[in-house]
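The text after it goes through both topics in turn.

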Amino acid sequence: MSRTTVRLISLGAIGCSLLAPAIARAQGEPQPAPPAQPAAPAAPNAPAPPVNPAAPVAPAAPVVPPVTPASPAAEEARQPPASEKGAPPAPEPAPGEEKPAEPFAFGDFTWLNGASRQHKAVLDTPYFTPEFLVDVNYTASQNNPIDHTVVGSTALSRNNEFTLAFLGFGGDFHYEHARGRLMTQFGVRSTLVPRNDGSSMRGQFDLQTALRYISEAYGGYHWNALHGINLDAGIFMSYVGLFSYDNAENWMYLPSFTSDNTPWFFNGLRLQVFTSDKLKLEPWLINGWQTYGKFNEMPGFGHQLLWRPVEWMSVLSNDYVGWDTQDAPGRIRFHSDNSIEIRYFKKPDLHGLFTQAAFSITGDIGFENGDGVTPFGGQHTNNPANCTNSNPCEQHFLSWMAYHRMWFWDNHVGFTFGGGMMNNPGRYLVLPPTGVATPYQALSTDGVAYTAPGQQAFSLNPGTTFNAWDFSFGFQWMPDELTTWGLEFNHRQADTNYFAGHGGVTSPDGYITTPVPAGWRPDLVKDDNRIIADLLLRF
């Protein structure tokens, strides 16, 4: 694909986004109602039929909007009509004309992995629906690293400590057709997630510091066309990997590699089109693969398809194309993420010892090609200089994960087990270790210089290999729709030294203020066994 062709595609995508308002106005133009029959008494003016939501985001102007979730499953599980409040009234349908059905309102989808369990918002006002999230965990690893550092996760950070992982407050703004969402991000995740974005190292103005305390921030506009159309700009959840960024919406606290190693957020534009009450199409024009900025001159392109033909099944597909390697503008990245969730048992009244059972299956395939790498073939080497266009190195991503969930005791207790595998030669989606083992971090968050990594670092170079697998099982106690207590066991295994061992990755005594003597190496091992306890609260 030539750069000229790609630029034309980019201009076309931007043009489509600019034309969306005109198309929506044309489709949503009110039609004059037929004159009333002289003999018929005047009927009172009925309220406008609800125009369907543009989940997974907050509605433009809900009457009693639910809390806006951080995943497509959560947001579309219980969205109210997108223009019930504030939006100009829609005309009454002509005789014999059916009102458009509200998307995903025909069933209860709160059983989904990645979906909120709440059926309505606890707090609400006519113009703003507030939201408050708390995520606290305590995890203990069998390796017991002396620096209390977790390697290879975006959900966990510190061992043997109570950790405020996430504290967020914000909500959804809605007035007439205007819409917006803000969710702040405090706690360790404000450091844990942004550190994986190398695009912020390009140029000035310190994007990581400027944006690390925001998990979602966008504004947009809603049109009463089809079953709802939204155009949003800003930072929004990516939905790749099925699991939600908000752990209160997930079946397990620590997701498998397929979710943990794929994007949590995007920065750019999205257009959401609901063609029916069962289908959503959502193209993206974004800066890159979970990036605040751009690695190269081209933006990233993506698309989501969400289809729920019945209450007991949900199909989600995400696809992405971008250029996300520093100093390699000719290297293209492709990724396809696909999930299906099926609930195969439900007790009608959800009361009793055993109430529901469901499972999810996710499969991902992706690759990078160009500037010295090729997918599903090529060489493996410890020297990236040997990866050339004439003799490229292998670089792709293959993974899967599957989970089974059962609900007990009036739906207040959940038991889940599952796991997955990951194959990533070139390691371009492997989460880099921290401390002295990191391949690129020059300073700690406190500004204390680490020893130059050199041969001590975990390599992310082309030509390397990485294979890993995991399994987990755990219980959740949900006394109400706002609170979740969790306890789970997780085992992770890799074919190379990757996880933090007892010696840690920081220094001989685990502190960043202790000088690292010559020859000291971070202690990386091939496996990690841990127990995780968590408290999740959502208003």
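This is a predicted model: local features need pLDDT of at least 70, side-chain atom pairs count only at pLDDT 80 or more; totals for chains, interfaces and linings use all residues.

Residues are numbered from 1 along each chain as its sequence is written, and side-chain values use heavy atoms, with hydrogens and water left out.

The backbone comes first. His148 is not a glycine, yet its phi is positive, at about 60 degrees. This residue sits in the loop that runs between β1 (128-141) and β2 (162-175); strands here are DSSP runs of E with at least two residues, helices are runs of H or I with at least four residues, and both are numbered from the N terminus. His148 is partly exposed, at 26% relative accessibility. In these terms, buried means under 20% relative accessible area, exposed means over 50%, and partly exposed lies in between, with a 1.4 Å probe and protein chains only.

Arg427, likewise a residue other than glycine, has a positive phi near 55 degrees. Its place is the loop between β15 (413-423) and β16 (467-477). Arg427 is buried, with a relative accessible area of 9%.

The charged side chains come next. Side chains of opposite charge can pair when their charged atoms come close. A salt bridge is counted where a side-chain nitrogen of Lys or Arg is within 4 Å of a carboxyl oxygen of Asp or Glu, and this rule gives 17 salt bridges.

One of them joins Arg158 and Glu161, with an N to O distance of 2.9 Å. Arg158 is partly exposed at a relative accessible area of 33%, and Glu161 is partly exposed at 23%.

Which parts of the chain does the salt bridge between Arg492 and Asp260 tie together? The closest N and O atoms of Arg492 and Asp260 are 3.3 Å apart. Arg492 belongs to strand β17 (residues 483-494) and Asp260 to helix α5 (residues 257-260), so the pair links parts that are 232 residues apart in sequence. Arg492 and Asp260 are both buried.

A further salt bridge is formed by Lys278 and Asp277, whose closest N and O atoms lie 3.5 Å apart. Here Lys278 is partly exposed, at 28% relative accessibility, whereas Asp277 is buried, at 15%.

Finally, a network of salt bridges links Glu131, Asp172, Arg181, Glu216, Asp246, Glu249 and Arg538.
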